Amino acid sequence: MRTYDSDFINSLLKAYPMLMSKLMDEFRMSGKGMRLNRTQWKTLFILKQGGKPNMSQLSKFMNMEKGSLTSVIDGLITKGLVKRVRDKTDRRKVNLQLSKQSEEVVRNGMVSIGRHIQKKMEKLTDQEVETLSNALKNILIIAEKL
């Protein structure tokens, strides 16, 4: 078994939160007359990318306790943005999916976030953008193996 020094562990634990903090600071997003917090937006974006997960899968992916995530989902359901849907193959399972109403909200949110990130990336040189892009591709490949 390999061992890793504290610098490696610290870098690993620091990189993602720092990247997200630097990219998303000053970003405020609103959705057509409804107020959504960052966790709600993150949940909508994940549901847009990830099909129809159940609560356990989503809480694991978001690194949140199921109880905390339940209140997030309940809020999104109240706003008409998310639905609970019985699994067709196993009626005991309940999956989550975006509602039709949320499609436009999420699409507009993605455009808004894209513009914000584009602005942030203007601070970087072309070489730095390429380096970051390659690093992100590698991180995704490695994360799939974990």
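Helix H2 (residues 38-49) packs against helix H5 at about 105°, with the axes 10 Å apart. The two are therefore roughly perpendicular (angles of 65 to 115 degrees). The model is predicted: local features need pLDDT of at least 70, side-chain atom pairs count only at pLDDT 80 or more, and totals for chains, interfaces and linings use all residues. Residues are numbered from 1 along each chain as its sequence is written, and side-chain values use heavy atoms, with hydrogens and water left out.

**H2 against H5**
- H2 contributes Trp41, Leu44, Phe45, Lys48 and Gln49 to the contact (heavy atoms within 4.5 Å), and H5 contributes Glu103, Val105, Val106, Gly109, Met110 and Ile113.
- By class, this contact has seven nonpolar, two polar and two charged residues.

**H1 against H5**
- Helix H1 (residues 6-24) and H5 (residues 100-121) cross at roughly 100°, and their axes come within 9 Å.
- H1 and H5 are therefore roughly perpendicular to each other.
- Lys22, Leu23 and Met24 of H1 meet Ile113, His116, Ile117, Lys120 and Met121 of H5.

**H1 itself**
- Glu26 comes after H1 and has a positive phi, near 70°.

**Confidence**
- The protein chain averages a pLDDT (the predictor's confidence in each residue, from 0 to 100) of 85.
- Of the residues, 96% score at least 70.
- Among the elements of the chain, H1 has the lowest mean pLDDT (84) and helix H6 (residues 126-145) the highest (92).

Note on methods. Axes fitted to C-alpha atoms, helices over the stretch in contact; angles between N-to-C directions. Helix = DSSP H or I, 4+ residues; strand = E, 2+ residues; numbered from the N terminus. Parallel < 35°, antiparallel > 145°, perpendicular 65-115°, else oblique. Nonpolar A, V, L, I, M, F, W, Y, C, P; charged D, E, K, R; others polar.
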